[in-house]
Amino acid sequence: MPQLTVAARGDNLPTARERLPPYWALFGRGHLRWTTVGILSGVCAGTAGFLIHMLLPKALVNQGTAVTFSFGLSSLVYFASIPGKGFTEFLMEIIGRRWTIAYALAGSLPGLFLMLMSHRAGQYATGVMVAGALITGFTVLSAFAATRVYLSEQFPTALRGRGQPFGASFGRPFAGVLAPLLMVPHTGSPTIFFGTIFVVVAIGAFIPLVFGRETVGQLEVVTEGVPALA
């Protein structure tokens, strides 16, 4: 096919900005379910991410870890997320957004379990904690490469300019404010701190699989002829 150029389109280019739909359209028939699925997927991944971003160093120190080790382990988690995000971006174009989110969240469960149980590993505690941190950083901290795209693709093109920023902003108060606030008093308990992240991630791994649908960037095509379920 010949490349589309400005010259080929001629002078009939639109000059007025297209008006975005109202925000209430996000909750109308045919959109409420997908709006909710996209937000909840991001909230579960975001809760795990923010708890690790904001409270992991504090939790490690409160659980008896040296400050230097706490700093090093936190850095290791972030370094592991660099190749993890690249792999997540590659994977979601192969197996789809939903299964990639499920992989990223469910794949972190072994890592979170190792971090949860490391204080019982005796002389192997450091190695167990490091292994858990590497797995967690490579998986759940890398999930946002898929969850952000998946959230955006929950909406048809005309509604995406409202849906994506609303969904991302709506999930932040819980994942980035309320969850860390509630967990601050419990950072000294490995069972409560890592166990809470474990449960949230386990739930989030199945939300898009059970309640969502695959979009692959073409919502109008995917939903054509499909009856509205919300």
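Modeller: A salt bridge requires a side-chain nitrogen of Lys or Arg within 4 Å of a carboxyl oxygen of Asp or Glu. A residue is called buried when its relative accessible area is under 20%. Please bear in mind that this is a predicted model.

Biologist: Why is Arg 98 said to have no salt bridge?

Modeller: The nearest side chain of opposite charge, Glu 214, is 4.3 Å away. A salt bridge must fall within 4 Å, so Arg 98, although buried, has none. Arg 98 is found in helix α4. Beyond its neighbours up to four places away in sequence, Arg 98 touches Tyr 150, Pro 208, Leu 209, Gly 212, Arg 213 and Glu 214.

Biologist: What makes Glu 153 and Arg 97 a salt bridge?

Modeller: Their N to O distance is 2.9 Å, and the limit is within 4 Å, so the pair qualifies.

Biologist: Let us turn to the aromatic rings. Why is the pair of Phe 87 and Tyr 103 described by its particular label?

Modeller: The count comes to 5 aromatic pairs. In the pair of Phe 87 and Tyr 103, the ring centres are 5.8 Å apart and the planes stand at 75 degrees. Centres must lie within 6.5 Å, and planes over 60 degrees apart count as edge-to-face, so this pair is edge-to-face. Phe 87 lies in helix α3 (residues 67-95) and Tyr 103 in helix α4, so the pair ties together parts that are 16 residues apart in sequence. Phe 87 is partly exposed at 33% relative accessibility, and Tyr 103 is partly exposed at 23%.

Biologist: Are the rings of Phe 166 and Phe 170 stacked or edge-to-face, and what makes them so?

Modeller: Their centres are 5.5 Å apart and their planes are at 25 degrees. Planes under 30 degrees apart count as stacked, so the pair is stacked. The two residues are 4 residues apart in helix α8, which means a separation of about one helical turn. Phe 27, Phe 166 and Phe 170 form one aromatic cluster.

Biologist: Why is Phe 170 placed in its accessibility class?

Modeller: Its relative accessibility is 51%, and exposed means over 50%, so Phe 170 counts as exposed. Phe 166, with a relative accessible area of 23%, is partly exposed.

Biologist: How do you know on which side of α5 its buried residues lie?

Modeller: The buried residues of helix α5 (residues 109-117) are Leu 109, Gly 111, Leu 112, Met 115 and Leu 116. They cover an arc of only 160 degrees around the axis, so they lie on the same side of α5. These buried residues pack against α2 (32-62), α4, α6 (125-138) and α9 (190-211).

Definitions and conventions: Residues numbered from 1 in each chain as written. Predicted model: local features only at pLDDT ≥ 70, side-chain atom pairs only at ≥ 80, totals over all residues. Heavy atoms only, no water. Buried < 20%, exposed > 50% of the residue type's maximum accessible area, 1.4 Å probe, protein only. Lys, Arg positive; Asp, Glu negative; His and termini not counted. Contact = heavy atoms within 4.5 Å. Phe/Tyr/Trp six-rings, centres within 6.5 Å; stacked < 30°, edge-to-face > 60°. Arc of directions from axis to C-beta.
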